[in-house]
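The tour goes stop by stop, with something to select at each.

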Amino acid sequence: MTTNAMTNTTTNATTTTHADVSATAARIDLAKAAPKVFRALIGFDAAAREGIDPALVELIQIRASHLNHCAYCLHMHTNDARKAGESEDRLHMVAVWREARHFFTEREQAALALTEAVTLVADGGVPDDVYAQAAAHFDEQELAHVLALILTINTWNRVALSTAKVAGTDQRR
């Protein structure tokens, strides 16, 4: 066998093996495999939302889903935002909110900045100025709920990504 033929055989074998694994590797359904864990996440999510404006809830969830590249959650939460009356203009601007601040209130901007800092916490923590800005717009209880909501959407994004959820197949019960 020539070197070129060996390289092609090796490449094809590697590609085929990788493709076969990707095509056949079924991912778990967390709700079925660990129902107590799943119910706990649902409870955490519901508790986090308490007292937060539903439009702000969706903006936070959309921004975190952008940052985490979670198409499943992004699709779900943009649809939920539309159902809650959110405008297409604002939905299109969430990813670039810093350049389109006039679409968002100062309170929403503070929440979006905190969402980014917490979601990307490994990149440098949560800067004091970002936290202070959020604390200036939310009382202590509201801020606790906003933080909890950011934590829950980051968890949901990781569940959806690690279990290969497909955008457009909302399976909420």
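Which side chain meets that of Glu 88 in a salt bridge? Select Arg 82: its side chain and that of Glu 88 form the bridge, at 2.5 Å from N to O. A salt bridge here is a side-chain nitrogen of Lys or Arg within 4 Å of a carboxyl oxygen of Asp or Glu.

Two notes before moving on. This is a predicted model, in which local features need pLDDT of at least 70 and side-chain atom pairs count only at pLDDT 80 or more, while totals for chains, interfaces and linings use all residues. Residues are numbered from 1 along each chain as its sequence is written, and side-chain values use heavy atoms, with hydrogens and water left out.

**Salt bridges**

Stay with the first pair. Glu 88 is partly exposed at 36% relative accessibility, and Arg 82 is partly exposed at 37%. The cut-offs are these: buried means under 20% relative accessible area, exposed means over 50%, and partly exposed lies in between (1.4 Å probe, protein chains only).

Next, select Glu 86 and Arg 90. They form a salt bridge, with the closest N and O atoms 2.4 Å apart. Are these two partners buried or exposed? Glu 86 is buried, at 13%. Arg 90 is buried too, at 14%.

Now select Arg 107 and Glu 142. This salt bridge has its closest N and O atoms 3.2 Å apart. Arg 107 sits in helix 7 and Glu 142 in helix 9, so the pair ties together parts that are 35 residues apart in sequence. Helices are DSSP runs (H or I, at least four residues), numbered from the N terminus. Arg 107 is partly exposed at 31%, and Glu 142 is partly exposed at 24%.

**The nonpolar cores**

Select Ile 60, Leu 114 and Val 146. Of the 26 residues in the largest nonpolar core, these three touch the most other members. Such a core is a set of buried Ala, Val, Leu, Ile, Met, Phe, Trp, Tyr and Cys residues joined through side-chain atoms within 4.5 Å. Two or more residues come from each of helix 4, helix 7 (106-119), helix 8 (128-137) and helix 9 (140-162). Which helix gives the most? Helix 7 does, with 6 residues. In soluble globular proteins, nonpolar side chains tend to be buried together.

Zoom in on Ile 60. Leaving aside neighbours within four places in sequence, Ile 60 is in contact with Ala 111, Thr 115, Val 146, Leu 149, Ile 150 and Ile 153. Contact means heavy atoms within 4.5 Å.

Then find the second, separate core. It has 13 residues, among them Leu 30, Ala 31, Leu 41 and Tyr 72.

**A buried glutamine**

Select Gln 61. It lies in helix 4 (residues 54-67). Gln 61 is buried, with a relative accessible area of 1%. What is Gln 61 in contact with, apart from neighbours within four places in sequence? Show Asp 45, Arg 49, His 77, Leu 149 and Ile 153.

How many disulfides does a search of the whole structure find? It finds 0, with a disulfide taken as a pair of cysteine sulfur atoms within 2.5 Å. For Cys 70, the nearest cysteine sulfur is that of Cys 73, 3.5 Å away. Cys 70 is buried at 2%, and Cys 73 is buried at 4%.

**Positive phi**

Select His 69, in the loop between helix 4 and helix 5 (71-83). His 69 has a positive phi of about 55° although it is not a glycine. At 66% relative accessibility, His 69 is exposed.

Jump to Ala 164, in the segment after helix 9. Ala 164 also has a positive phi of about 55°, and is not a glycine. Ala 164 is partly exposed at 41%.

**Last stop: a surface patch**

Select Val 121, Val 126 and Tyr 131. They make a nonpolar surface patch of about 230 Å². Patch residues have over 30% relative accessible area and no salt bridge; like charges are joined within 9 Å, and nonpolar side chains (Val, Leu, Ile, Met, Phe, Trp, Tyr) within 5 Å. Areas come from the Shrake-Rupley method with a 1.4 Å probe; for residues, only the protein chains shown count as cover. Tyr 131 is in helix 8 and is partly exposed at 39%.
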